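Please look over the structure shown below before reading the notes that follow. They are grouped by topic.

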Amino acid sequence: VLFIVIVALTRYVSLGSLLAVFFISGSILIERYYLDYPIGGEIIGLIILLMTLALYTHRANIGRLLSGTENRIGKKKGIS
């Protein structure tokens, strides 16, 4: 749901993907360390790996988002 809302509001798929990954990962970490849910260490390791992979695979998108040149859904390339 977060992904859909972010993409609908901003038209940036990469932003929606990154925020969804970090929201889900953050939620799991909060459940484990603050709410004492019994989440295994292998799941925590996988979450950290997935967050790192998301940052690595989206590094070019992050640069374009920060510079304001990332492509939006529904916009032709090169048109602002």
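How much accessible surface does the protein have, and what share belongs to carbon and sulfur atoms? The accessible surface comes to about 5,900 Å², and 68% of that area belongs to carbon and sulfur atoms, with areas taken from the Shrake-Rupley method with a 1.4 Å probe and, for residues, only the protein chains shown counting as cover.

This is a predicted model, in which local features need pLDDT of at least 70, side-chain atom pairs count only at pLDDT 80 or more, and totals for chains, interfaces and linings use all residues. Residues are numbered from 1 along each chain as its sequence is written, and side-chain values use heavy atoms, with hydrogens and water left out.

**Overall form**
- The protein has 4 helices and 0 strands, where helices (H or I, at least four residues) and strands (E, at least two) are DSSP runs numbered from the N terminus.
- The radius of gyration of the protein is 15 Å, whereas a compact globule of 80 residues would have one near 12 Å; the value is taken over C-alpha atoms, and the globule rule is 2.2 Å times the number of residues to the power 0.38.
- Taken along the principal axes, the box filled by the C-alpha atoms is roughly 50 × 25 × 15 Å.

**Burial and contacts across the chain**
- Of the 80 residues in the protein, 22% are buried (buried means under 20% relative accessible area, exposed over 50%, and partly exposed in between, with a 1.4 Å probe and protein chains only).
- Among contacts with a separation of 6 or more, 46% are between residues 24 or more positions apart, a contact being heavy atoms within 4.5 Å.

**Helix 1**
- Helix 1 spans residues 2-10, and Ile6, Val7 and Thr10 are buried in it.
- Seen down the axis of helix 1, these buried residues fall within an arc of 95 degrees, so they line one face of the helix; the arc is that of the directions from the helix axis to the C-beta atoms.
- Ile4, Ala8 and Leu9 are exposed on the face of helix 1 turned away from its buried side.
- Helix 2 (13-33) is included in what covers the buried residues of helix 1.
- Arg11 follows helix 1 and has a positive phi, near 70 degrees.

**Asn61**
- Asn61 lies in helix 4, which covers residues 59-67, and counts as buried because its relative accessibility is 16%.
- Leaving aside neighbours within four places in sequence, Asn61 is in contact with Ser14 and Glu70.
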